[in-house]
Amino acid sequence: MRARTAAALVSVLALTACGNSSEAIVAPPGVERTPCGTVSIAVNPWVGYAANVAVVSYLLKQELGCTVVEKDLTEDASWEGLASGEVDAILENWGHDDLKKTYIDDKKVAVEQGLTGNKGVIGWYVPPWMAKEYPDITKWKNLNKYADEFKTSKSDGKGQLLGGDPSFVTNDAALIKNLKLDFTVVYAGSEDALIAEFQRAEKQKKPLIGYFYTPQWLLSEIKLVHIPLPIYKPGCDADPKTVACDYQPYDLDKIARKAFVDSGSPAADLIKNFRWTNDDQNEVARDITVRKLSRDDAAKRWLDANRATWQEWLPAR
């Protein structure tokens, strides 16, 4: 890893671009280093992912001189993009062992690029006021007792379990069926809509149970209460039709197009080195969502305060 000032880095990059510098980026053994060029990054539909993209894209542009193309895609479409060449990198992957087998093991068009440092937890949550007023609601076996409280005009006479974006990783419908719960899934439609419903539920003391996850900036403002389901054990969710256990805890990772990594692009090294915490991601995500900063402004604000962290991500010279 290198330890240079930002000004020196910009100066070196500018000279290199003009062909006036004798210093070149050193490639790993057996890899010929190439200029950065264009990097295509998938942007999945949740703000935590957008926070990753904001910071990585800013560094790719400002430190490595890359041209960055951001593509709004679902998780499945992002993996398909790795195969078609439309996508170079996925910056936050939630498991997807089936897709890893298809695109990494079988088709060999993608490779793992290490952990993001983020710990991902998916589950069912209720607003804090409900957990305080009905303490036993946090045990899943008691949910049917409260099903009537969660009925809505969209839930067909059953309790409503609110989902997020239909493209998100979810076992909710199967869990409801296999745990014999008198509920049905109703999708909010997007992360923003899901957040708004939890905010409204807490403010107005409105009953709500729904799918949620961490890292997510809202949890720093509203301490949603997680309802543990039967303990997750490896393989308990292997069959989507029979799953009756809680969601797998995830060590989130990055995936890249193999040809992109093999090209020697310095961008591939930066993406591989990128690693931060849930708190880091939530800080940038909150700036984007609550403070309404642009992605670049949110990224710059975090980067200015965390120089020692991101300098470790820069490719060696």
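Ala50, Val53, Ala54, Val55, Tyr58, Leu59 and Lys61 in helix 2 meet Arg295, Asp296, Ala299, Lys300, Trp302 and Leu303 in helix 11. Contact means heavy atoms within 4.5 Å. By class, this contact has nine nonpolar, no polar and four charged residues. Ala, Val, Leu, Ile, Met, Phe, Trp, Tyr, Cys and Pro count as nonpolar, Asp, Glu, Lys and Arg as charged, and the others, Gly among them, as polar.

This is a predicted model: local features need pLDDT of at least 70, side-chain atom pairs count only at pLDDT 80 or more, and totals for chains, interfaces and linings use all residues. Residues are numbered from 1 along each chain as its sequence is written, and side-chain values use heavy atoms, with hydrogens and water left out.

**Helix 11**

Helix 2 and helix 11 pack at an angle of about 80 degrees, and their axes are 8 Å apart. That makes helix 2 roughly perpendicular to helix 11 (65 to 115 degrees). Axes are lines fitted to C-alpha atoms, for helices over the stretch in contact, and angles run from 0 to 180 degrees between N-to-C directions. Helices are DSSP runs of H or I with at least four residues, strands are E runs of at least two, and both are numbered from the N terminus.

In helix 11 (residues 295-305), Ala298, Ala299, Trp302 and Leu303 are buried (under 20% relative accessible area, 1.4 Å probe, protein chains only). Down the helix axis, these buried residues fall within an arc of 130 degrees, so they line one face of helix 11. The arc is that of the directions from the helix axis to the C-beta atoms. The buried residues of helix 11 pack against helix 2 (47-64), helix 10 (278-289) and helix 12 (307-311).

**Aromatic pairs**

The structure holds 18 aromatic pairs. Rings of Phe, Tyr and Trp (its six-membered ring) pair if their centres lie within 6.5 Å; planes over 60 degrees apart count as edge-to-face.

| Edge-to-face pair | Centre to centre | Angle between planes |
|---|---|---|
| Trp94 and Tyr250 | 5.5 Å | 65 degrees |
| Phe198 and Phe212 | 5.4 Å | 75 degrees |

Trp94 lies in the loop between strand 3 (89-93) and helix 4 (97-106), and Tyr250 in strand 9 (residues 250-257), so their pair ties together parts 156 residues apart in sequence. Trp94 and Tyr250 are buried. Both Phe198 and Phe212 are buried too. One aromatic cluster includes Phe198, Phe212, Trp46 and Tyr211.

**Leu162**

Leu162 is found in strand 5 (residues 159-163). At 5% relative accessibility, Leu162 counts as buried. Leu162 and Phe198 are 36 residues apart in sequence and 9.6 Å apart in space, C-alpha to C-alpha.

Conventions
Buried means under 20% relative accessible area, exposed over 50%, partly exposed in between (1.4 Å probe, protein chains only). Angles under 35 degrees count as roughly parallel, over 145 as roughly antiparallel, 65 to 115 as roughly perpendicular and the rest as oblique. Rings of Phe, Tyr and Trp (its six-membered ring) pair if their centres lie within 6.5 Å; planes under 30 degrees apart count as stacked, over 60 as edge-to-face and the rest as tilted.
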